[in-house]
Amino acid sequence: MRSGNPSLKDDKFIRTTSKDNGRLMTIQGTVNKTFILLLLVLATCVYSWNQFLHDPASATPLILIGAIGGFITALITIFVPKISPITAPIYALLEGLFIGAISAQYEVQFGGIVFQAVLLTIGVLLSLLIAYKSSLIKVTQNFRLGVFAATGAVFVVYLISFIGSFFGFQIPYLHEASPIGIAISAVIVIIAALNLVLDFDYIENAAAKRVPKYFEWYGAFGLLVTLIWLYLEILRLLSKIRSR
């Protein structure tokens, strides 16, 4: 198994399966944990949203705390999955701070765009889940490798863009609202969406492997990472379209 999502790595499941003979991970348990994490994201998202609308300057620290704190917490969760019952909720709360303020910025500039992005994210999630469960999309080894490679390419491009921003360098079209820029964003949205399929397959296989119960939190965390990425990419794509 392979997932484009860096938080879901098969070797972690293999290493821990034989070390914990207690309660085991289930798909339903992972779904329940995912809903809990989404509620935590929503709670802090609403808070930072309101903070931005009342005082945009006061929201800047929330963005930094959410982005940096979420990144650090995600790394800790990835390297120490056993503490995911603690770190996954913390990650969700921190990401909510980041997403809420960022979403408010987009909403002020493009009224109604956040509602559209949320609906599209939910629509993509449900559509791909149905397609996966009905075997309309089959997760083959080549499919996994293709999505994994594409996700890695997007990460490298974003990393170069981030580093280049400190030196006045920008990757052509990546942040532009030109037809090519919109097409690039659309492709990235598709790649993010296909990662959801890999996450579904990964969680299902992990449950079948009878891994420890705490991996319900870890699986939910991995799915949340992809959902947040997908939402932000859809938001960027809609903003490019609306700006034209």
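Reader: Which helix is S84 found in?

Author: S84 is found in helix α4, residues 84-109. Helices here are DSSP runs of H or I with at least four residues, strands are E runs of at least two, and both are numbered from the N terminus. This is a predicted model: local features need pLDDT of at least 70, side-chain atom pairs count only at pLDDT 80 or more, and totals for chains, interfaces and linings use all residues. Residues are numbered from 1 along each chain as its sequence is written, and side-chain values use heavy atoms, with hydrogens and water left out.

Reader: Is S84 buried or exposed?

Author: Buried, at 0% relative accessibility. Buried means under 20% relative accessible area, exposed over 50%, and partly exposed in between, with a 1.4 Å probe and protein chains only.

Reader: What does S84 touch?

Author: T77, P89, Y214, W217 and Y218, leaving out residues up to four places away in sequence. A contact means heavy atoms within 4.5 Å.

Reader: Now the whole fold. How many helices and strands?

Author: Eight helices and zero strands. From the N terminus the order is α-α-α-α-α-α-α-α. The radius of gyration is 18 Å, close to the 18 Å that the globule rule gives for 244 residues, so the chain is as compact as a globular protein of that length. That radius is taken over C-alpha atoms, and the rule is 2.2 Å times the number of residues to the power 0.38.

Reader: What box do the C-alpha atoms fill?

Author: Roughly 55 × 40 × 35 Å, along the principal axes. Of the 244 residues, 46% are buried.

Reader: How many of the α8 residues are buried?

Author: 24 of the 29, so α8 is largely enclosed by the rest of the structure. L230 sits in α8 and is buried, with a relative accessible area of 0%.

Reader: Which residues does L230 touch?

Author: T121, V124, V189, A192, A193 and L196, again not counting residues up to four places away in sequence. The C-alpha atoms of L230 and I188 are separated by 8.7 Å, and these two are 42 residues apart along the chain.

Reader: Backbone next. Where is S135, and what is its phi?

Author: S135 is in the loop between α5 (113-133) and α6 (141-165). Its phi is positive, about 65 degrees, although S135 is not a glycine. S135 is partly exposed, at 42% relative accessibility.

Reader: What about Y173?

Author: Phi of Y173 is near 75 degrees, positive in a residue other than glycine. Y173 lies in the loop between α6 and α7 (179-208) and is partly exposed at 37% relative accessibility.

Reader: Last topic, the surface. How much of the accessible area belongs to carbon and sulfur?

Author: 72% of about 12300 Å². Areas come from the Shrake-Rupley method with a 1.4 Å probe; for residues, only the protein chains shown count as cover.
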